[in-house]
Structures are given as C-alpha cells and as structure tokens.
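Trainee: Please walk me through this one. I'll ask as we go.

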Amino acid sequence: MQQKKKSITFALQKLYISLRSICLEKQMRIITHKTITQYAALHNDAKLALDEWYNKTEDSQWNCFADAKQTFNSIDSVGNKHYVFNIKGNSYRIVALILFVPKIVYIRFIGTHAEYDKIKNCSII
C-alpha cells in the first residue's frame, strides 16, 4: 500500500511540474495534433484550414474567451468550457474544451457542419 501511495504521489508531482511548465510557456497547448492529422487525411479539402487553425491556436496566448474571440471571430461558447470553431468557412467544425489557466485546448470533435448538427449537447463531449 505504501509503495502505491508513493507511486501516486510521484505521478501527481510529475503532472504538476508538466502543467506548471505549460503555464510558463504562455502559449496554448493542443491535445492532440494527431486528431487533426487523422481527420485531414480523410478530408483532404480541410487540411489547409485545419493546419491554419492549429498554428494560430498554438501560437496564441489566451487567458479568457475574449482573447480567443480576437483570434477567431466565429468562435462560440457552448457551455462547460466547450467552444465551437468554424473551419473552412462553415464547412467543418471543431469542438474543443479550453482550459485557459493551464493554456490547454482539448479537441473533442472534428466534423462537417452536418455531423456537428447531429450532436445533442456539445458541452458534454
């Protein structure tokens, strides 16, 4: 039991150090780029727009929704720290969970506008 407790404590310390270093970088960290590359491989017409979204987001230093809105005017909040981005005009959508304090963007969904319309509640995906 004692070994398990030490192991958990060590893991939490590593997580804290990792999150602290992310905050000090002052730029957004996107989890994960693999999601974008996999989607772009299937939808080649979205590749350029998705890469542009990724690069702009990664280079940003958002502290709040207003900061994100300055970068992407079409961003919408759908509740529970979830935000929707229009990609390539309005052809595709990204739903992301954004944690502004540790500066982390979790991609929760990438899809066409029609696929997005089928989602009942974006704030829980």
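**Salt bridges and sheet**

Trainee: What is the relative accessible area of Glu-52?

Mentor: Glu-52 has 44%, so it is partly exposed. Buried means under 20% relative accessible area, exposed over 50%, and partly exposed lies in between, with a 1.4 Å probe and protein chains only. This is a predicted model, where local features need pLDDT of at least 70, side-chain atom pairs count only at pLDDT 80 or more, and totals for chains, interfaces and linings use all residues. Residues are numbered from 1 along each chain as its sequence is written, and side-chain values use heavy atoms, leaving out hydrogens and water.

Trainee: What does Glu-52 form a salt bridge with?

Mentor: Lys-56, with the closest N and O atoms 3.5 Å apart. A salt bridge here is a side-chain nitrogen of Lys or Arg within 4 Å of a carboxyl oxygen of Asp or Glu. Both residues sit in helix α3, 4 residues apart, which is about one turn of the helix. Helices (H or I, at least four residues) and strands (E, at least two) are DSSP runs, numbered from the N terminus. Lys-56 is partly exposed as well, at 37%.

Trainee: How many salt bridges are there in the whole structure?

Mentor: The search finds 3. Another is Lys-47 with Asp-51, at 2.8 Å between the closest N and O atoms. Those two are 4 residues apart in helix α3, so about one helical turn separates them. Asp-51 is partly exposed at 22% relative accessibility.

Trainee: And Asp-45, which residue does that bridge to?

Mentor: Lys-88, with the closest N and O atoms 3.4 Å apart. The pair links distant parts of the chain, 43 residues apart: Asp-45 is in the loop between α2 (33-42) and α3 (47-59), and Lys-88 in the loop between β3 (82-87) and β4 (92-99).

Trainee: Switching to the sheet. What is the strand order?

Mentor: The order is β1-β5-β4-β3-β2, an open sheet of 5 strands with mixed pairing. Two strands pair if DSSP finds at least two bridges between them. The edges are β1 (29-31) and β2 (76-79), each pairing on one side only.

Trainee: How do β2 and β3 run?

Mentor: Antiparallel, joined by 3 bridges. Asp-76 stands opposite Val-84 in β3.

Trainee: Which strands does α2 lie across?

Mentor: It lies across β1, β4 and β5 (104-112), at about 15° to β5. Contact means heavy atoms within 4.5 Å. Axes are lines fitted to C-alpha atoms, for helices over the stretch in contact, and angles run from 0 to 180 degrees between N-to-C directions.
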